[in-house]
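Welcome! Have a look at the model below, and then let us walk through some of its features together.

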Amino acid sequence: MAGTISPDQILHEMADLWVSLGKQGEGEAGVLRACSMTFVVAAEESDDPQAIGETLAALMPEHPSRAILIRFQAEDQRELSARVFAQCWKPFSQRQQICCEQIEITASEASLPDLAAVVLPLAVPDLPVILWCRSPRLYHLQTFPQLSAIAQKLVLDSEAFGDPGAALKEMSAALASGRALADLTWIRLTRWRELISQIFENRSQLADLPRVARIRISHCGGVAPAAAWYMAAWLIGGLQQIGSRPQFNLESAGDEASGELQSVDLLPQDGADAIVSIRLVEGHAAEVRVGGLVHRALLPRLTDCALLREEFSIAGRDPIFERTLAAAAKLAVS
Amino acid sequence: MSLENPFQDPLRFERRVPECLMVIFGANGDLTKRKLLPALYRLAYERRLSAGCAVLGISRTPMSDDQFRGKMCESVREFLEDSPFDQDVWAAFAQGLFYMAGDIKDAALYPALAARLQEIEQARHTGGNVLFYLSTQPSQYIPIAQGLGSAKLGKGEGWRRIVVEKPFGHDLSSAQELSDELHNVFRESEVYRIDHYLGKETVQNILAFRFGNGIFEPLWNRRYVNHVQITAAESIGVEGRGAYYQEAGSLRDMIQNHLLQVMATIAMEPSATFRPNSVRDERSKLLRSIRVMKPDEVLEDSVAGQYGPARIGGEDVPGFHQEPGVKPDAQTDTYAAITFFVDNWRWAGVPFYLRSGKRLPKRVTEIAIQFNAAPLAIFNDEGGGTAPNLLILRIQPEEGISLKFLSKRPGAGMKLRPVSMDFNYGSSFGERSPTADEILLLDAIIGDATLYTRQDMVEASWAVVDAIQHVWDQTKFDFPNYAAGTWGPAAADEMLARRGHAWRKP
């Protein structure tokens, strides 16, 4: 197909695909179809299609979906084309194949207004639609809201936006307008946050928490990344709950451009040693110093697949994220 | 007012784990090396333990803390399944491992233990929370409980809990005696009787399947269920445990605890909440509703078996009597099949067939719920429309759920064939599932006793089993009565055939 595509035609091709898969499985244990959502991925033409395909394939066993990958070409003609295939896997030691549908649509920027009418009938009835927009440029296209309106949740990555402060402000505004959002940058912080929270599950450490008067966060790169603003806002929010009003510093720990956090210190008023200190070591582990004890926990940089897997495990909205995003946006622009 | 951790995020974080010092009695034993330490390391690897978590191992062998750490490191490396070993994580975890040598029966051990606990608590900030884990021979449970009581270790600044491995006694009266001794030191809510079957994902998934969905529960009763089969088959023999096993047998070793707990989970009434005591109340009520057999019913509705020698896959396999450590005339049941009935409105008249055995054709544990046939057979026999609907919940080796139903064969004519709709736990959710040991250990540290067995449940299941065991003890069986590698004695097939049923061959 070239020029235009018909959702009916795509659905028909999918039905044919299942018939042919069924024939291949004849005589063996057959083919099982699995689906828990419609997952739409909006990507640039320059995005590595193999990497996206690998992410989708890795997500399938845990979150089987009808995946719709839309690759945008920077052309002026309103052209759309599509192909349909299946992602199948055989669970270890099983004869039966499990398959998910994947639809790949190639679209030009100019055809963006036509896309929603194509994607909407392709969404699996009664299941959620999640849209992962991999490119800030696409997100900023004027007609993008027409496509994103069909999704119950929009997944973005503020780390990919050029200006972290502006990105947080923009996302916060979208949130305030009622749009359900997820940010991969926030999800990358889950392990850091969990480490900090676990420290204060210990009652003697928790008793020390009101002594925290200052938060020091260091990061790679010259400009404070969205992750640092999120972390600061989240820590301040937690401390405010117990009546503290801590100060905070964001410090650059080097010129590397990754925007990753390097350390988080919770400090007392008197300039004494940190009450809690967490430092990234060897790039994949955190060294935690608290109450005279030093221990290590793995803190690897997570793949897109691992981040999406975490997000998919949350059925509805995430009030802690939403609260923190609003606070982080305020901090970043103040 | 006590301060609450303001950083909790229940949507994204794992469950909250308090600081804790775990004391393992029998620290040099197989269970500790193969299961406990690998599970604890795995929890540390997954960042599930609190930072100050500590373990104090106790056994008779003299060893320093460092020697113990070295030994446990070897065990973890050897027995860690589906997980990488990370040297840095181990190094941090090992700082919290401690050891003291001592004889469990020596009264001097316990005051020394109290002093050591205090020392470790101060160094690791464990807040006085102590979990005692009895990984010893069952005969040592009572001396340990008495020792802990005499040193006043059952109470302290934080919480105190004790984990006990099965068997919980060898009959009703010994189970009550053990319980009384434990209750002299710990409250019932502090006693965690561990049943590894209840920690398995699929057993927990039974609760999700039954009570999280609206469509199955209306079918879950005598009106629609024809009968239930619960099978726990092992392909191996007694594997060097002949001396222990000949005193236990399949009825005591498997049915009294694991299979009756599984049956209770399948048949219990919906719990009002998912709180530990609420779920356990329902399990307990179900166990108390199982009809206790009269002696003549035992002969009708139970079958004891023992495997004889056979040749399997070109290899000679010994019979039970030929196993090392087994008396040549041992009357031990290596196979047991029982028909139970539940005397309540939901299940009256529905047979629950439970079987467990060693040296059966394959290792499999599953629950099969067979539904009644359609009230009117409108398709003729040629059409193949007679296979019953079956719901199969597989517990091991591959955890999952299958629903078998009839479907029309494609093409002309109305010919039906059974098809299976499968949900495979491992493949449908690609992440590694935590092992039963990990789940249960974490539950004990958190204080969630939902998957642990309560004393009233233990007593109810012993009451049911004692009635059978008593008759069996007085019976001279003509053993062996099944060949290794077969599905058990013919009498077990006849037991089902009398009610028009047949065992599934999983």
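## A leucine to start with

L80(A) counts as buried, at 6% relative accessibility; here buried means under 20% relative accessible area, exposed over 50%, and partly exposed in between, with a 1.4 Å probe and protein chains only. L80(A) sits in strand 4 of chain A, which covers residues 80-89. Helices (H or I, at least four residues) and strands (E, at least two) are DSSP runs, numbered from the N terminus. Between L80(A) and A42(A), which are 38 residues apart along the chain, the C-alpha atoms are separated by 14 Å.

Before going on, please note that this is a predicted model, in which local features need pLDDT of at least 70 and side-chain atom pairs count only at pLDDT 80 or more, while totals for chains, interfaces and linings use all residues. Residues are numbered from 1 along each chain as its sequence is written, chains are lettered from A and ligands numbered from 1 in the order in which they are written, and side-chain values use heavy atoms, with hydrogens and water left out.

## Chain A as a whole

Chain A has 334 residues, and 56% of them are buried. Its secondary structure comes to twelve helices and 14 strands. Taken along the principal axes, the C-alpha atoms of chain A fill a box of roughly 70 × 50 × 35 Å.

Which residues of helix 2 of chain A are buried? In this helix, residues 49-59, they are I52(A), G53(A), T55(A), L56(A) and L59(A). They lie on the same side of helix 2 of chain A because they cover an arc of only 160° around the axis, the arc being that of the directions from the helix axis to the C-beta atoms.

The N-terminal end of helix 2 of chain A is capped by D48(A), which has a side-chain oxygen 3.0 Å from the backbone nitrogen of Q50(A). A polar contact is a pair of N or O atoms within 3.5 Å; within protein, one must be able to donate a hydrogen and the other to accept it, and residues adjacent in sequence count only if both atoms are side-chain atoms.

## Backbone details in chain B

Two peptide bonds in chain B are worth a look. K166(B) and P167(B) are joined by a cis peptide bond with omega about 5°, and P167(B) is found in the loop between strand 5 (160-165) and helix 6 (172-183) of chain B. The bond from F479(B) to P480(B) is also cis, with omega near -5°; P480(B) lies in the loop between helix 13 (455-473) and strand 18 (482-483) of chain B.

K152(B) is not a glycine, yet its phi is positive at about 55°. This lysine lies in the loop between helix 5 (141-150) and strand 5 of chain B, and K152(B) is exposed, with a relative accessible area of 66%. R359(B), another residue other than glycine, has a positive phi near 55°. R359(B) belongs to the loop between strand 13 (352-357) and strand 14 (364-371) of chain B, and it counts as buried at 14% relative accessibility.

## Enclosed spaces

How many cavities of 30 Å³ or more does a search of the whole structure find? The search finds five. On a 1 Å grid over the protein atoms alone, a cavity is a set of points where a 1.4 Å probe fits but cannot get out, and lining residues have an atom within 4 Å of a point. Grid points are joined across faces, edges and corners, and a volume is the space filled by probe spheres set on the points.

The largest cavity holds about 250 Å³ of space. Of the 19 residues that line it, the closest to its centre are H295(A), A44(B), L49(B), S50(B) and A51(B). Helix 8 (190-199) and strand 14 (293-298) of chain A, together with helix 3 (87-94) of chain B, are the elements that give two or more residues to this lining.

## Cysteines

Over all chains, the search finds zero disulfides, a disulfide being a pair of cysteine sulfur atoms within 2.5 Å. For C133(A), the nearest cysteine sulfur is that of C305(A), 19 Å away; C133(A) counts as buried at 3% relative accessibility. For C53(B), the nearest cysteine sulfur is that of C20(B), 5.6 Å away, and C53(B) counts as buried at 11% relative accessibility.

Conventions: 1 Å grid on protein atoms, 1.4 Å probe; cavity = no way out; pocket = protein on both sides within 12 Å on 5 of 7 lines; lining within 4 Å.
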